Amino acid sequence: MENLDSDLLRTFLAVAQAGSVTDGAARIHRSQSATSIQVKRLEAILGRSVFDRHGRGVVLSETGRRLLPVAQDVTARLDVTLREISQCAVSGQLHVGIPDDHGRAKLVEIISAFTRHHPGVELVVTCALSTEFPNALEKGALDLAIYEVEHPKPQEEVLFEDPTCWMTSTHRDFPTGESLPVALFDHACWWRDVAIASLEARGKPYRIAYSSQSVSGVIAAVEAGIAVGLLGRSSLHSGLAVTGEGLGFGSTPASKLVMAARGAKETQLQAAMKEAVRSAFQTTA
């Protein structure tokens, strides 16, 4: 009976995190054919498929979902052991920017995964509105950042794509003939620009009834019934309802959550943090 080796598990993790064999192969610097062979060998050992085809990529099968946490734990333990034995554990300081709305849900998972592998690194985390994160990367104030864009640049890795839609409270209807109250972000940002463009394209009167720095603030106003707001579909819950076409709104672009690092050459710390971030957002994607 064959055993599972760490090389197969690392190939499996790379493909799972990338969402395709081609992108997974690029992460581990192998050809697509060599990566496919590794996946098939893993599946032959298990006697079950670890991926299901999904459009142009792959998603985890039931077996793959069971294997994922085991593979993450095994490879992490091996990496920690190697560093401890070879006495090459990295140290230093890493400045990371995470959006406040995603940070609350993911920050604990990211920090836990990273510090488990790199206990000697000091993390300096900025958890705030991500509007200024790209500029902070350029100025060197951040080493790595997560933020939202409509059109990712080549150096920006997409972590999660969230369709946007206009939402209202399930307990409030707004007459189409009246000036529509809206809740917007109070800083110049992608979300505010898209919302205003959508309101102007609607061609009907509106008024800004509420402004907030955070997603949770806009959600609170919408759920309270004082305004409609443009939000990601991931924010939809029992107290909210999609109201776009009913109030005459057209379609709005999807928000893409991306990750980018400072500098042209990736450091060891940046690469390690990227892996922790990818792992944290794997379940969301």
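Strand β1, which covers residues 51-54, pairs with strand β2, residues 57-60, in the antiparallel sense, and four bridges join the two. The model in which this pairing is found is a predicted one. Within the pair, F51 stands opposite L60, a residue of β2. Two residues lie between the strands of this hairpin, where G55 takes a positive phi near 65 degrees.

Because its relative accessibility is 53%, R48 counts as exposed. When residues up to four places away in sequence are not counted, R48 touches E43 and T63. R48 and S61 are 13 residues apart in sequence, while their C-alpha atoms are 9.2 Å apart in space.

A further loop, between α2 (21-27) and α3 (32-46), holds H29. Is H29 buried or exposed? With a relative accessible area of 73%, H29 is exposed. Most residues other than glycine have a negative phi.

The aromatic side chains form another part of the picture, with a count of four aromatic pairs. One of them is made by W166 and F249, whose ring centres are 4.3 Å apart and whose planes meet at 15 degrees; planes under 30 degrees apart count as stacked, and therefore this pair is stacked. The pair links distant parts of the chain, for W166 belongs to strand β7 (residues 164-169), whereas F249 lies in the loop between β11 (240-242) and β12 (255-261), 83 residues apart. W166 and F249 are both buried.

In the pair of F185 and W191, the ring centres are 6.3 Å apart and the planes stand at 50 degrees, so this pair is tilted. F185 is buried, and W191 is buried as well. These two residues form one aromatic cluster together with W190.

Which residue has its charged end over the ring of F249? It is R202, whose charged end sits over that ring at 5.2 Å from its centre. F249 is thus a residue that is stacked with W166 and that also has the charged end of R202 over its ring.

Methods:
Residues numbered from 1 in each chain as written. Predicted model: local features only at pLDDT ≥ 70, side-chain atom pairs only at ≥ 80, totals over all residues. Heavy atoms only, no water. Buried < 20%, exposed > 50% of the residue type's maximum accessible area, 1.4 Å probe, protein only. Pairing = 2+ DSSP bridges. Phe/Tyr/Trp six-rings, centres within 6.5 Å; stacked < 30°, edge-to-face > 60°. Lys NZ or Arg CZ within 6 Å of the ring centre and 35° of its normal. Contact = heavy atoms within 4.5 Å.
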